[in-house]
Structures are given as C-alpha cells and as structure tokens.
Amino acid sequence: MNKLKIDKNIEGSWLRNVPEGWRIERLKDLGPLQNGVSKGKEYFGSGNPFVSYGNVYNDSIELNRIKKLANSNKGEQKQYSVVEGDIFFTRTSETIDEIGISATAMETIPKATFSGFVIRLRPKKFKIEKGFSKYYFQSVLNRQLLSKEINLVTRASLSQGILNSTPVLLPPKEVQQKIARYLNIRTQAIDKKIKLLQEKIAIYKEYRNSLINETVTKGLNKKVSLKDSGIEWIGEIPMHWKVSRIKDNCNSITGNSISDKSQYENVEDSISYIATKDINIENNSIHYDNGIYIPKKDKNFKISKRNSTLLCLEGANAGKKVAFSNRNIAFVNKLASIKSSSKDLDDKYLFYVIQSGLFKNQFFAEMSGLIGGVSLGIIRYFNIIIPPKKDQIEIVEFLDLNTETINKIVGNIKKQIKTLKELRKTLINDVVTGKIKVTG
C-alpha cells in the first residue's frame, strides 16, 4: 500500500491510501451521460423493452428482469439505447438514500430504452469493466461521495453535473477483472443465504395467516359438530356459532386528514395522530410517538376509542395494514376504526377476524378505484363469524401467544438478513477500494 498524491483539483481527503497502480479519475472521464426518455402513460404498456427506475435496484440490467414495455421509435431506441457495460443511476426520489443507486447492463438489449428518472453513463472502451462497475458504484465510498453533493429541497435530485465531477477510484483492468470474479462468488454465497432466510419468513407468515384463518372460522375444539353457515364461500362453522354483519355488531368511523402537520407537532395535553405509515404491516404494531399530536380539547377530530381495530381502506396497503390500538387516538381518513358495540363480540377477537381470510376475501372482492380501496359503507355489510364469548376469549389467548411467538421468530430472521446485507455491503466496499487485496 502506497500513499497516493492526489491532484489538488480533486478533493481527495476521503482517500489517504490506495494500492499502487490504482488511479483517481472524474466520472466524466469514463464517458458521456444521458438522461432517459420522459413520456406520458399512453407511451407504455406495449412495444419494446423499457428499463424502469425499479430495474436499477437489481444491481444489474438484464433482459429477463425487464417487465415494462414502451412504444419507442427508432430514433428513441438509438438515443436511449441500452448497451452492454452501460451504467445507470437513479436520478430523483423523495429521499437522498434512493438517489444515485446504480446498475450495470450485463448485456446489450435490442430496441430497449430507459426511464427519464434514470441517468445513463456509457463508458469508453477499456475504461471500466462491467463486472467491476456493477460493484464499485454500489460501494459505501461512492454513496458518500454522491450524498455530499445531492440537492435536497422538496425532492432529492442528482444532476449530470454532480455525477460528472464525482471522483472514481479505478484499479488496473486485470485487477478489476479479479475483483469482479471474487465478488461474484462471495456475494452469490451471501445472497443465497439471504434468499433462504427470506423463504423461511414467507413460510412463517403463511403459517401465521393459516393459523388465524383456521382458528376464527373453526375454533380450537376440532371435535365440535359443524353446520352449514348458509353462505357458500364461508362453508361450515361450529354448530353453536353464528354469522352476522359488522354493522349489527360494531361502531365504525374514518378519521381526519391534516393539511399542515407542523401545527400539531409536540402538542401538550394531547393524543397521538396515527397515519397509515405508522402501522407496521409485519407485526400489526402502531408507532404512537411519531411527533404528531392532537389537543384533547380539539373537537374537530374523530377519536378511535381504546381497543379498536385500525384498518387501511385505500392505496397499496388497503386491507393489508391492520392494527389493534390500546389507547384513544386521532387518525387519518385513509384508516377506519372498528370497535365492538355488542356485549357478544370481544374487541380483540374482532381484530383477528379482520386479519383473516374470511374478512379479506370480502374486502378484495370489493376493491375498486384507481388507487384501490373499499369504502367503510361497504365494509359495514361484511359478514363475520361470532362464537360464544367464552370461545372468543380462548381464541384470543391462543392467537396472542402463537402470533407473538411467530413474530419474534420472524424478527430474529430479519436481524440475520440485516447482518448479512451489512456484511455484503462492507465486503464490496473493502474490495473495490483496495482495503482487501484480491489475488486470485
């Protein structure tokens, strides 16, 4: 390892030592940049391959991963082409963490074009190996260099000017090839472990769902006599259970939207204001202390009473985000608060029913609208199964215990995945910056 004398025109304080023979260049020296094509929605849906913003999160651009199509013409296909070795960067996002994410085209994709939310770097021949660039631009070092310059106003953005002036650390070509081979082997091994752990999570989640479904529709006594529920898609239920509608057993309301959240930050003598984002879809928990609070004396807000179930009504998480609130709260209008109004229906049992296939089948059958959703007026007419109160309490105790155990197992697996991802990130950074010497 030798100390590198860095050109004064390049702010290189971030690099004190690099291997002998490695050099620093500006990204503009690697090749020209090009923003992608920007068109209206009528341009998409059929035609030729289209590299979208999301494809850049795959680390590499390959034809079998491209799902979107665009009606591109020959001129666009020439200007916005996707050629083996091209490097793509995400150009804009809501947060700085999603800016400058990169992917390298591992093959030329005929007739393909790419998104206007993406910038393409087309390296000059022999400047940078595609296998090396795939990893280098993922490195912590590169992310740090970009994050110093990225503009963040209402949206974060990455300009060609910022990219062009970014320093790039380049080893000799043969070292780039060795690094690519080494990291391919090591990262594939880590990725395989991550995939296996993710599959475990999927199995546990499926088991959790099936456990809830089976328990709220059939109960814990497997020897009990069954009867026809009278509803085809519900089938048989225990003889002493009944089917009823939500409207006949529950009070349900939607919340209030807030246009200026700043006036509700850290308010004294208040209650929490819960938005959809404050519900954890993985374990049904609620993040109460989010910094937004409603004064208790403000009568303009609807209140979700303690021991109510919150349900997301619209958007990507409609019918999926469900949580049990153990306190009085104010809440956003995209959520519904549903609480038992009957002495025959336990609040926590209702929470599990709303998570079950019994409820979700009805919900997703009614999904409509551009953003997807179901109105509370329709939900009130959904059917639920109501066992005797004693059975409900037993079901709740059983499901509380078992779902908590499953959630803990899933949580531990996620920690393992996080550790592996951090190991992968550190490995890539240390190898492409020369901290770990690759000899083979």
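These legends accompany several close-up views of one predicted model. Local features are described where pLDDT is at least 70, side-chain atom pairs count only at pLDDT 80 or more, and totals for chains, interfaces and linings use all residues. Residues are numbered from 1 along each chain as its sequence is written, and side-chain values use heavy atoms, with hydrogens and water left out.

**Figure 1. The whole chain, to get our bearings.** The chain contains 9 helices and 27 strands; these are DSSP runs numbered from the N terminus, with helices (H or I) of at least four residues and strands (E) of at least two. Along the principal axes, its C-alpha atoms fill a box of roughly 80 × 50 × 45 Å. Of the 440 residues, 48% are buried (buried means under 20% relative accessible area, exposed over 50%, and partly exposed in between, with a 1.4 Å probe and protein chains only). Take the contacts (heavy atoms within 4.5 Å) between residues at least 6 apart in sequence: 75% of them join residues at least 24 apart.

**Figure 2. A salt bridge between D59 and R424.** Here the two side chains meet with N and O 3.8 Å apart; a salt bridge is a side-chain nitrogen of Lys or Arg within 4 Å of a carboxyl oxygen of Asp or Glu. Because D59 sits in the loop between β5 (44–51) and β6 (60–61) while R424 belongs to helix α9 (residues 389–432), the pair ties together parts that are 365 residues apart in sequence. D59 is partly exposed at 22% relative accessible area, whereas R424 is buried at 12%. The structure holds 21 salt bridges, and the next two views visit others.

**Figure 3. K130 and E84, joining a helix to a loop.** The closest N and O atoms of this salt bridge are 2.5 Å apart. K130 lies in helix α2 (residues 130–136) and E84 in the loop between α1 (74–79) and β8 (87–90), so the pair ties together parts that are 46 residues apart in sequence. Both ends are partly exposed: K130 has a relative accessible area of 28%, and E84 has one of 43%.

**Figure 4. D400 and K348, a bridge between two helices.** The side chains of D400 and K348 form a salt bridge with an N to O distance of 3.0 Å. This pair links distant parts of the chain, with D400 in helix α9 and K348 in helix α6 (residues 347–355), 52 residues apart. D400 is partly exposed, at 25% relative accessible area.

Figure 5. Rings of Phe, Tyr and Trp (its six-membered ring) pair if their centres lie within 6.5 Å; planes under 30 degrees apart count as stacked, over 60 as edge-to-face and the rest as tilted. The count comes to 15 aromatic pairs. One of them, F44 with F50, is edge-to-face, at 4.8 Å centre to centre with 65 degrees between the planes. F44 is partly exposed at 30% relative accessibility, while F50 is buried at 4%. Y53 and Y57 make a tilted pair because their ring centres are 5.7 Å apart and their planes stand at 40 degrees. Y57 is partly exposed, with a relative accessible area of 36%. Finally, F89, F132, Y136 and F137 come together as one aromatic cluster.
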